[in-house]
Amino acid sequence: LPPSPQYRLKEYGQRATVLFVNMQVLLILNTTHENVGGTQIPSPYQDFLSSLSFLTLDVIQIVPFDCTYKGGFDHFDALLLVSLVPLLLLAAAEVITSFRLRRLPKSRSNDAGSGSLGSLSHSLGTWLSLMFLVLPVISRRICQSFRCTEYDDGEFTYLESDSSIDCSTLRYKIMVAFAAVMVLVYPLGLPLLLLIMLFRQRERLNPKDSVEVDEDVVIARRQEDPTLASDPIASFAMLYRPQFWSMEVYAMMRRLLLTCAVLFCRTLAETTVFVVFVAIVTLVIESETKPYINPFINAFTHVCCWQILLFVLYLLLLDSQMTSGRQAIVISALLMLANVVMAIFIFFADTTLKDQEKARWHSAEAVKAPGNSDGGVGCRGGGGGVETISMHVNPMAMVRGEVATVAEADAGGVGDHVEVAVEVEVEQVGESDEERGVR
């Protein structure tokens, strides 16, 4: 049977998230490049990126607050808005949830407080999921608070992102102090908070016996673990293979390096070198680790990393005037075409990758089946011996199993010891259950 519609819809959501993150990084990199004096990208790719500028989720750019307030709406006002509103929403959600839990009977309150819908941990998990989407934008506005530009040989200094703010005034000093506190809350605090909360579940996310047990079985066990199911924070690690349970923290830091830390580079040359370095290192990490459970997500993320690196190299070619005119336009069109193809590719993945995904899904379902609750290992006793049968489904179109029978006499703890190993190969691709042959 093919995977359920819910399973497929969840996978499409994961793929769309990867594309969203990639486009958000490209949009912010393009803005950063222009702000430090880089050459503007020619059409059609520039127009394409401009039409998708809403993907940055920057409310300040979308809503015209400057026209709403008579006294104006400067960078400090925007900083207060984007940094305090998420914290107030979290506090309100926690207060409302605590009030609802107090009104429940004690037994139901204990059950609801363990991570179910409406619990405190569920509210925090939902908040962190939303913050994952807007963290680069908030952190970027915080980092912009420290960049001032000097004029007339340093006689005048104004904020680079908002020339209406004089960097020598008391208002600016208050803004810098507030921004310094928000650095500890958002770009540093949130990844650290997620790491600590995942670290508490590391023994369940990556069991000590995971080296000896097939990886698919460990993944299926994690999905059936009631403790992980009741902890919404654990869902951040369930997309990854067991040994990469903290990879979501790396994903956060990667985005922050490309969108926020780059602001500390003062010149175009420093910015280009830093971004190229980060793009190459993260590309190698994604390529070598393949951290996702889903093979398609691994391949798709790898392609997205390549696109970011090619985009940065294209900016370098424009700045060095090594490409211009029609040649630059052709490259611009190719980059736009690559984005469109990647968006379409989300729903029309390669058949081989789909077969691998189905095989892994069937493996998880086999472990969930009655009689296989111990991770796909069944035991039968009889005749003074124990027969252990282990069958693991490998997503690479082949199944290998081992059957071992061990018999020992009980007299004095000493007896004959017999081991029989049988290797079984089952064709996975192109055959139904009745047609599979055992060799």
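Q: Is the crossing in which H1 passes H13 left-handed or right-handed?

A: A crossing is called left-handed if the near helix is turned anticlockwise from the far one by less than a right angle, and right-handed if clockwise; here H1 passes H13 in a right-handed crossing. This is a predicted model, in which local features need pLDDT of at least 70 and side-chain atom pairs count only at pLDDT 80 or more, whereas totals for chains, interfaces and linings use all residues. Residues are numbered from 1 along each chain as its sequence is written, and side-chain values use heavy atoms, with hydrogens and water left out.

Q: At what angle do the axes of H1 and H13 cross, and within what distance do they come?

A: Axes are lines fitted to C-alpha atoms, for helices over the stretch in contact, and the angles between N-to-C directions run from 0 to 180 degrees. For H1 and H13 the crossing angle is roughly 20°, and the axes come within 9 Å. The two helices are therefore roughly parallel to each other, on a scale where angles under 35 degrees count as roughly parallel, over 145 as roughly antiparallel, 65 to 115 as roughly perpendicular and the rest as oblique.

Q: Which residues make the contact between H1 and H13?

A: Contact means heavy atoms within 4.5 Å, and on the H1 side it is made by Val21, Gln24, Val25, Ile28 and Leu29, which meet Arg255, Leu258 and Thr259 of H13. Sorted by class, the residues of this contact are five nonpolar, two polar and one charged, where Ala, Val, Leu, Ile, Met, Phe, Trp, Tyr, Cys and Pro count as nonpolar, Asp, Glu, Lys and Arg as charged, and the others, Gly among them, as polar.

Q: Where does Phe20 lie, and is Phe20 buried or exposed?

A: Phe20 lies in helix H1, which spans residues 5–35. Buried means under 20% relative accessible area, exposed over 50%, and partly exposed in between, with a 1.4 Å probe and protein chains only; Phe20, at 16%, is buried. Leaving aside its neighbours within four places in sequence, Phe20 is in contact with Leu55, Leu57 and Leu133. Phe20 and Thr56, 36 residues apart in sequence, have C-alpha atoms 9.1 Å apart.

Q: How many helices and strands does the chain have?

A: Helices (H or I, at least four residues) and strands (E, at least two) are read as DSSP runs, numbered from the N terminus, and the chain comes to 17 helices and seven strands. Of its 439 residues, 42% are buried, and among contacts with a separation of 6 or more, 66% join residues 24 or more positions apart.

Q: How do H15 and H16 cross?

A: The axes of H15 (residues 295–319) and H16 (residues 325–345) cross at roughly 165° and come within 12 Å, which means that H15 is roughly antiparallel to H16. This crossing is left-handed. The contact draws on residues including Phe296, Phe300, Val303 and Cys304 of H15, together with Ala328, Ile331, Ser332 and Leu335 among those of H16; by class it has 13 nonpolar, three polar and no charged residues.

Q: How many salt bridges does a search of the whole structure find?

A: Side chains of opposite charge can pair when their charged atoms come close. A salt bridge is a side-chain nitrogen of Lys or Arg within 4 Å of a carboxyl oxygen of Asp or Glu, and a search of the whole structure finds eight. One of them joins Asp77 to Arg171, with the closest N and O atoms 3.5 Å apart. Asp77 lies in helix H5 (residues 75–103) and Arg171 in helix H8 (residues 170–185), so this pair ties together parts that are 94 residues apart in sequence. Asp77 is partly exposed at 25% relative accessible area, and Arg171 is partly exposed at 37%.

Q: Which helix holds Glu215, the residue that pairs with Arg241?

A: Glu215 lies in helix H11 (residues 215–224), whereas Arg241 is in the loop between helix H12 (226–229) and helix H13 (247–259), 26 residues apart. Their side chains meet in a salt bridge at 3.1 Å, N to O, and Glu215 is partly exposed, at 25%. Elsewhere, salt bridges that share partners join Asp74, Asp77 and Arg171 into one network.

Q: At what angle do H5 and H8 pack?

A: H5 and H8 pack at about 30° with their axes 11 Å apart, which makes H5 roughly parallel to H8, and the crossing is left-handed. Both Asp77 of H5 and Arg171 of H8 take part in the contact, alongside residues including Leu80 and Leu84 of H5 and Ile174 and Phe178 of H8. By class, this contact has eleven nonpolar, two polar and two charged residues.
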